[in-house]
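User: Here's a model I'd like you to go through with me. Zoom in on one part and tell me how it's put together, cut-offs included.

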Amino acid sequence: MSSLSVYHVSSPEIPNKVLTHFEDIASTLAEQGVRFDRWQAATKIQPGASQEEVISAYQEQIDKLMTERGYITVDVISLNSDHPQKAELRAKFLEEHRHGEDEVRFFVAGRGLFTLHIDDYVYAVLCEKNDLISVPAGTKHWFDMGEHPHFVAIRLFNNPEGWVANFTGEDIAGRFPRLED
Ligand SMILES: CSCCC(=O)/C(O)=C/O
Ligand SMILES: [Fe+2]
Ligand code: NI
């Protein structure tokens, strides 16, 4: 089940609130300029579907968002437990960072934990299948895919160079909960 846990930066052990209803998660994140949405596939995605087939199942929603927000590229990232670099990738995404563009991710399958650091609060968003999250450019955040990663996600970019991260060098991510298996 998707969820949002909100913490004060000084209390990583106890969240101030935990939300599990879509409307509550979406409205709380919207107050911080973060978009949280749910998309349904137009056609069934078969196991082993190509990037093109995955994108085509959500083409209408993707086109709408690209037009609205000026994103220019779209791709599909797929990661699971047999990925040879899973530990390195996990460690990289777990370092607090920012991007110069919105981070837009739609979970076609599996799950991942996005944690956003906004002023004195930390918003841990557990994204699951059918969830879209759009983190505004410049927002400090990290991402945990867990020890046994499993996700397929559509990514939208407005930078032709794709994924570029600026690491803050802060150790805050190590103090907050990770994705539990
Ligand atoms: C779910 S896509 C992988 C994570 C990523 O691209 C990122 O920037 C995490 O913060
Ligand atoms: Fe990121
Ligand atoms: Ni799966």
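Analyst: Let's start at Ser 5, which is buried because its relative accessible area is 12%, where buried means under 20%, exposed over 50% and partly exposed in between (1.4 Å probe, protein chains only). Ser 5 sits in strand β1, residues 3–8; strands (E, at least two residues) and helices (H or I, at least four) are DSSP runs numbered from the N terminus. Skipping neighbours within four places in sequence, Ser 5 is in contact (heavy atoms within 4.5 Å) with Pro 15, Lys 17, Val 18, Val 122, Tyr 123 and Ala 124.

Quick housekeeping: this is a predicted model, so local features need pLDDT of at least 70 and side-chain atom pairs 80 or more, while totals for chains, interfaces and linings use all residues. Residues count from 1 along each chain as written, chains are lettered from A and ligands numbered from 1 in the order written, and side-chain values use heavy atoms, with hydrogens and water left out.

Now the ligand site. An unreviewed UniProt entry annotates His 97, His 99, Glu 103 and His 141 as "binding site"; such annotations may be inferred rather than shown by experiment, and positions follow the numbering used here, with shortened feature names. The four are spread over 45 residues of sequence yet cluster in space, with a largest C-alpha distance of 11.3 Å.

His 97 belongs to strand β5, residues 97–98, and counts as buried because its relative accessibility is 1%. Its side chain reaches the backbone oxygen of Glu 95 at 2.9 Å. Beyond four places in sequence, His 97 touches residues including Glu 103, His 141 and Trp 163. His 141, in strand β9 (residues 140–144), is buried too, with a relative accessible area of 1%.

Around ligand 1, with a heavy atom within 4 Å of it, you'll find Phe 93, His 97, His 99, Glu 103, Arg 105, Phe 114, His 141, Phe 143, Phe 151 and Trp 163. For polar contacts, we want N or O pairs within 3.5 Å; within protein, one must be able to donate a hydrogen and the other to accept it, and sequence-adjacent residues count only if both atoms are side-chain atoms. Oxygen atoms of ligand 1 lie 2.9 Å from a polar side-chain atom of His 97, 3.0 Å from a side-chain N or O of Arg 105 and 2.6 Å from a polar side-chain atom of Trp 163. Alone, ligand 1 exposes 320 Å², and the protein buries 100% of that (Shrake-Rupley, 1.4 Å probe; for residues, only the protein chains shown count as cover).
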